[in-house]
Amino acid sequence: MKVIITVIIFFSQIPLFSQVLNDLENLRKQGEKYRAESKYDSALIAFRQVNDLAEEMNNVEFQVRSAIGVAAVFIELGQSDFARTYYLKAIKLSQSIDNGRLENNAWYGIGVTHQIEENLDSALFYYNKTKVLFDEEKNKEMVASLLSNIGSLHYLKEEYDLAIAKSYESSIQNKELNNFRVVGLDYRRIGMSFFKLNNLDSAKVYANLAYEIADSLKYLDDAREVLTLLSEIARSEGEFEEAARYTDSSDSLAKVIYVNGKNDEILELKAQVMTASLALESERQKNLALQQRKYKTIILVVSITLVVAALIMIYVINQRRKNIKTLAEKNEEINKQQIDELLQKQEITSLQGVLEGQETERRRIAIDLHDRLGGILSMVKLHFSVVTESLSKDDQAHAKFMKASDLLDQATGEVRSISHNLMSGVLTKFGLVPALEDLKDKISQTGKLKVSLYSNDLNNVLTAEQELQLYRIVQELISNILKHSHAKEANIQLTKGEDSVNLIVEDDGVGFDLKEVNKKTGIGLINLKARVSKLNGNFHIDSGRGAGTTISIDIPINND
């Protein structure tokens, strides 16, 4: 998603005493208007005209303003290298006329270029450097702009709560200054931050506020970005038809922006041709021979310009076609992912039924083993005892009966052990934590894996079904570690939060590539998803090749 970076250019209010200076200021304001309307080619032409006139007049101040204006356009286009070149030019010119305020504005722009490149510490350095002078001047406009950019910086650092706070503070100050475009950008950043925090309702509210501002002010690029955000929100809510409508609206705006840009180029070319023609007629009256040479030169220049413009137009059209094709492919991929998710949900639902059946069957077999087969073995043991007591200890048959009796004891113990394992005996008697302690000790005693268990007070927090499912999940995860991870140590952490129980199982094994695992989901991961889904929980896997694996599971609990 595109990162929002606010750029506002303010200048010292110096009285303009001549018509030429008025023309320069009006032309500069026109360039700023074009920039706000996303007409970047027209904006660059206007600022360069300001620079040419200022150079003719030897007016360094307007050369600085022109350089800052051009840099701001390149900031909007995300071309930080070009923007930095013009900001450095503005700094050098400002120093030559000892204009500290313009120089400070340019240093502020340098900070913005670092923010675009995600050099966040450098950006913060330049923001602090410029904030001192802004505070001294009580420059509310630049302080408001700085707040907006700091909000953007926190967004880039994924500090979404701070991004919301700073952007909201910026929106209030910019609203007082009637900088409604920045207010719209702040609202959009707030909406994006809430979206990242999965607060979809708040995200939608601020996204709609941002769209109302962008639409009312005809800032097409801003409106298109907000529509993209609304589409993502709708898709996250499962409202796919609404998401598609927002996407269509965004694509329509992109077409309008493209057409407007082309119309501006055509009008500019027409204006250049007309200017050239007038100049040609004027020169012809003075010197026909000289004018002939100039005429040929102008025709050549215009022809080359038209050819270049045509080539550019062809290139842009081809790029547009490629973008449309790429967008279609992405939409197709999204639809495929949605279908896969639906199929996976159905599979998980089916597996939940299978798992419930497995648990029921485990209990039935355990009870049968313990009550029926165990009882039979106990009766056999009793009969053997009667026979043994009737035999003399010197009798050879007595020793054989004693051996058989010992084997019966072993068989009875095995039946009891199998029954307890099927019923998770320690779990049934003593609860989840003692059962996990028993599992930890058994695994550690094998010498293949050292297992550690950390837990806090979980008494009467989980239902019997929740404890059983969590125990099965840990069994599955430890089994996977033993089979695949080549780990030496594993940690199990079970902690209680305000409204959930968190289970973390981590190992120091070889890890795995999450992308590859997601492409070929195995039955083990599907079983894990099914058990977690049965408990209305959620889980997260963090792993990488050679970096071990950490699996975190949150299960909601009822505190009543």
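Buried means under 20% relative accessible area, exposed means over 50%, and partly exposed is anything in between (1.4 Å probe, protein chains only). Keep that handy for the tour. What you have open is a predicted model, where local features need pLDDT of at least 70 and side-chain atom pairs count only at pLDDT 80 or more, while totals for chains, interfaces and linings use all residues. Residues are numbered from 1 along each chain as its sequence is written, and side-chain values use heavy atoms, with hydrogens and water left out.

**Stop 1: K166**

Select K166, which sits in helix α8; helices here are DSSP runs of H or I with at least four residues, strands are runs of E with at least two, and both are numbered from the N terminus. With 28% relative accessibility, K166 counts as partly exposed. Which residues does K166 contact, leaving aside neighbours within four places in sequence? Show L147, I150, G151 and H154; contact means heavy atoms within 4.5 Å.

**Stop 2: α8 against α9**

Stay on α8 (residues 160-176) and bring up α9 (residues 180-196): they pack at about 160 degrees, with axes 9 Å apart. The axes are lines fitted to C-alpha atoms over the stretch in contact, and the angles run from 0 to 180 degrees between N-to-C directions. The pair is therefore roughly antiparallel, a label for angles over 145 degrees. Their crossing is left-handed, which is to say that the near helix is turned anticlockwise from the far one by less than a right angle.

For the contact itself, colour residues on both sides, including Y160, I164 and Y168 in α8 and F180, Y187 and F194 in α9. The contact residues split into ten nonpolar, five polar and four charged. In this scheme Ala, Val, Leu, Ile, Met, Phe, Trp, Tyr, Cys and Pro are nonpolar, Asp, Glu, Lys and Arg are charged, and the others, Gly among them, are polar.

**Stop 3: α10 against α11**

Move along to α10 (residues 200-216) and α11 (residues 220-236), which pack at about 160 degrees with axes 9 Å apart. α10 and α11 are therefore roughly antiparallel too, and α10 passes α11 in a left-handed crossing. Among the residues making the contact are L200, A207 and Y211 of α10 and V226, L230 and I233 of α11.

Then click K218, in the loop between α10 and α11. Its phi is near 65 degrees, a positive value in a residue other than glycine. Most residues other than glycine have a negative phi. K218 is exposed, at 56% relative accessible area.

**Stop 4: the largest nonpolar core**

Select V64, Y87, Y108 and Y127, which touch the most other members of this 35-residue core. A nonpolar core is a set of buried Ala, Val, Leu, Ile, Met, Phe, Trp, Tyr and Cys residues joined through side-chain atoms within 4.5 Å. Which element gives the most to the core? That is α3, with nine residues.

**Stop 5: N491 and N536**

Jump to N491 in strand β2 (residues 489-496). N491 and S452 are 39 residues apart in sequence, yet 4.8 Å apart C-alpha to C-alpha. Finish at N536, in the loop between α19 (523-534) and β4 (538-543). N536 has a positive phi of about 60 degrees although it is not a glycine, and at 63% relative accessibility it counts as exposed.

Technical notes. Angles under 35 degrees count as roughly parallel, over 145 as roughly antiparallel, 65 to 115 as roughly perpendicular and the rest as oblique.
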